[in-house]
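Here's a quick tour of a two-chain model, written for someone who likes to know the cut-offs. Have a look at it first.

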Amino acid sequence: MAKSSDGSAIEGGDTRPTEGAAGTVRIVAPLTAEIVQRAILNSASFAIIATDANGVIQLFNAGAERLLGYAASEVVNKKTPDDLHDPQQVIARAQALSAEFATAVSPGVGALAFKAARGIEDVHEIDYIRKDGSRLPIHVTITALRNDRNEIIGYLKIGIDNSNHASLIATNREKERLKDEFVATVSHELRTPLASITGALGLLTGNPAEKLPDSAMRLLTIAYRNSQRLVRLLNDILDIEKMESGGLYFDFKRIEVRSIVEQAIEANRAFAEGLNVRIRLDPASAAAEVRGDSDRLMQVMTNLLSNAIKFSPAGGEVVVTVAPRDETVRISVRDHGHGIPDEFKHHIFEKFMQADATDARQRGGTGLGLSIVKQIVNRLGGAVSFEDAAGGGTTFHVDLPNWTRAVRLQSRFATKARLHLLLCEDDPEAAIVLLDRLHQEGFVTDVAFTANEAVTRVAATRYAAILVDLQRPQGDGIGLIRRLRAQPQIYNTLIVVLSANLSAERDEKQPSTLLNILDWLDTPIDIARLVRVIDRPIVRDGHARPSVLHVGSDPELLRVVAEALDAKAEVLSVDSIDEARRALAAKRFDVAVLDVALAAGSGFDLVHELKDSDGDAIPLVVFSPRDANPLFAAQVHSALIKSRTSIDGLIATLRKRLRGGANDGEAA
Amino acid sequence: MSSCRVLHIDDEPDILEIVAASLALDPEFEVRGCSSGADGLAAAAEWRADLILLDVMMPIMDGPATLRHLRGNPKTANIPVVFMTARAQSRELEHFRSLGATNVIVKPFDPMTLAALLRRQMQPVDAG
């Protein structure tokens with residue numbers, strides 16, 4: 001242990017009594033944890049608030065008193081931390097946590113302690129509301145306090161005054177906004193006089209009827225060419241500004257790259273010919289699809305092509321190649337120019353960077369082209385690069401994720417309009433796997449472990465879809481579906497039937513047969529309820545009258561159903577499984593009505609053949625006897641869950657079914 | 001000889017003149033210029049135009065407001081209207097089209113091809 005000249009220990013925090021230089025025994029290490037803690041606690045700079053496990057404040061330090069304006073005696077044992085916040089912010093915090101953890105977090109003390117209780121460091125920015133009602137932005141850290149047995153006995157919140165930082169951010173944001181607005185306005189305002197200038201010069205230089213002396217014509221041509229360059233510069237500046245402020249709008253669609261490249265080549269052909277440069281598409285180029293904005297890709301190509309043309313020697317050639325690769329599509333533009341000087345290679349994508357500025361300006365460049373290319377390509381999810389071409393010149397490569405990859409990436413990010421799901425599952429193990437995956441896919445999912453919980457949740461929240469595990473050991477899934485469907489608020493909600501052994505791997509050979517149970521009706525049938533079921537918008541797929549396939553054995557019931565639905569739907573009634581199969585092969589149905597009295601036993605396999613041409617399950621209404629014996633019920637049950645499906649299949653189904661009908665679940 | 005009567009409404013006198021000169025390259029065009037939305041409406045009501053070329057940003061009554069008035073008057077409701085604007089972002093262009101304009105021309109425009117461009121827009125619009 002090192003000792004300072006007076007012999008006291010200064011390192012290691014050793015607190016044992018030590019022999020001092022004078023031979024007397026004394027306590028040499030004053031820096032005990034307790035002392036440090038007391039100093040921190042008494043600091044007036046941090047608001048330190050500790051609560052018990054229920055969130056009731058037990059400790060309120062001097063800093064908290066100073067920052068919040070309460071005396072400790074006013075809050076200890078009297079208030080919880082959420083009393084010190086703006087309720088709106090607590091709600092927003094709960095919502096953010098709900099989204100992050102794919103589970104419902106209710107606003108209140110629970111939301112503030114949610115992460116800490118799970119052992120996750122919780123650092124965030126929020127406001128305190130002072131005693132006088134004013135607002136104090138703070139940077140807060142929340143930690144769980146645990147006893148020796150690792151049980152949570154309370155929470156510790158350390159808040160640091162964040163008002164300087166918060167106001168700085170607000171000021172910067174406002175500055176940014178004003179700057180963006182200024183640039184946009186200036187660009188727009190400049191266009192109007194430019195329109196007059198280029199218009200007038202264009203008329204003078206372009207109209208053969210204007211008989212002007214050669215010298216005047218030459219000067220006017222210079223003026224016209226430069227006015228056009230000014231227009232391009234303005235457009236580029238505006239684009240750069242929009243991209244940097246995130247305001248540039250991209251209309252993402254599935255687009256075919258080669259045809260856009262061909263268009264870009266055509267659009268630049270006249271420019272190339274004017275400089276005596278040939279431009280062509282490599283015939284080896286293949287068709288390839290990407291997810292992108294065709295106008296923006298055209299802009300990328302135009303910038304790359306005009307650069308390549310500008311820097312080609314007279315008589316040179318520019319060759320464009322489109323080559324699909326594993327998960328990307330590569331567009332290459334090769335020129336035969338001087339190549340890019342080594343010292344300039346690091347700066348090539350920077351704004352207003354031109355290797356030979358005089359040369360480039362003479363050729364009408366703005367110095368913004370490659371910077372725009374890079375920004376657009378980045379926004380398209382791709383990358384731009386360049387290399388020295390063999391035999392001289394440069395090749396620029398644009399690599400874009402191909403269509404299938406882009407869709408896969410996108411599904412991860414398409415979480416802005418998060419859909420709210422309810423999972424009815426009594427096995428937490430099974431629930432966890434599914435919840436994790438649904439969260440990754442951008443759904444917010446609540447779990448109901450019991451039927452009663454499911455019914456309560458459905459009454460309180462509008463869900464986009466409800467997932468029911470039919471293998472629920474507690475009470476039956478079918479009973480739950482009946483109870484849920486009896487609730488008016490989920491009249492139009494998709495109910496998807498799951499079996500707990502949902503496999504995590506995709507099984508290509510076994511396409512998804514997720515059942516969408518529209519309703520489960522007891523015989524004798526409540527006809528009015530059936531009509532209401534068929535009348536739901538969810539059963540219709542674009543056309544006004546749904547087509548219904550009714551498979552049953554009772555001719556009386558088939559006729560009654562056909563007549564009852566006549567006004568609402570096209571009904572095809574069949575009384576055998578074989579006839580049903582023929583009908584399914586010939587026509588697309590929006591709803592299937594299945595009488596299990598006919599279909600019990602092996603005939604119930606028909607359930608898994610109720611698919612449309614896309615392989616999606618046709619929404620199903622089941623008729624079953626009210627007093628079916630348990631054996632029969634078990635048979636039906638096992639037939640329903642026979643379908644082995646994958647989580648991927650479930651997610652694909654949800655996406656597809658909820659795309660058009662999201663409002664059914666989201667509108668409150 | 002097909003009639004190509006264009007009513008041009010723009011508060012910039014220079015643009016009025018440039019457009020008149022560029023459309024004069026095509027002898028079939030007849031152009032009348034107005035420097036405000038109100039003047040434009042009055043002219044449109046008494047002079048039967050085949051097409052109205054309308055500036056978007058004008059003081060007092062801007063292009064969209066003028067367009068609404070034109071569409072509201074049975075006499076002018078079916079005349080195709082082409083906006084001319086300095087706002088060139090694709091989203092803005094879409095917005096102008098959604099207001100009911102037949103097309104949108106971005107300033108600066110090419111004076112040599114303006115007449116041909118306008119010719120292609122001269123189908124009467126369905127007022128419904």
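## Ground rules

This is a predicted model, so local features need pLDDT of at least 70 and side-chain atom pairs count only at pLDDT 80 or more, while totals for chains, interfaces and linings use all residues. Residues are numbered from 1 along each chain as its sequence is written, with chains lettered from A and ligands numbered from 1 in the order in which they are written.

Helices (H or I, at least four residues) and strands (E, at least two) are DSSP runs, numbered from the N terminus.

## The sheet in chain A

Chain A has an open, antiparallel sheet of five strands, ordered 4-3-7-6-5; strands pair if DSSP finds at least two bridges between them. Strand 4 (57-60) and strand 5 (122-129) of chain A each have a single partner strand, so one side of each lacks a neighbour in the sheet.

Strand 6 (residues 135-146) and strand 7 (residues 152-161) of chain A pair over nine bridges in the antiparallel sense. In strand 7 of chain A, L156(A) sits opposite T143(A).

## Chain B

Reading from the N terminus, chain B goes β-α-β-α-β-α-β-α-β-α, which comes to five helices and five strands.

## Where the chains touch

The interface has 18 residues of chain A in contact with 19 residues of chain B, contact being C-beta atoms, placed from the backbone, within 7 Å. Helix 6 (163-206) and helix 7 (214-244) of chain A each supply at least two residues to chain A's side. Helix 6 of chain A gives the most, with twelve residues.

How values were computed
Contact = placed C-beta atoms within 7 Å.
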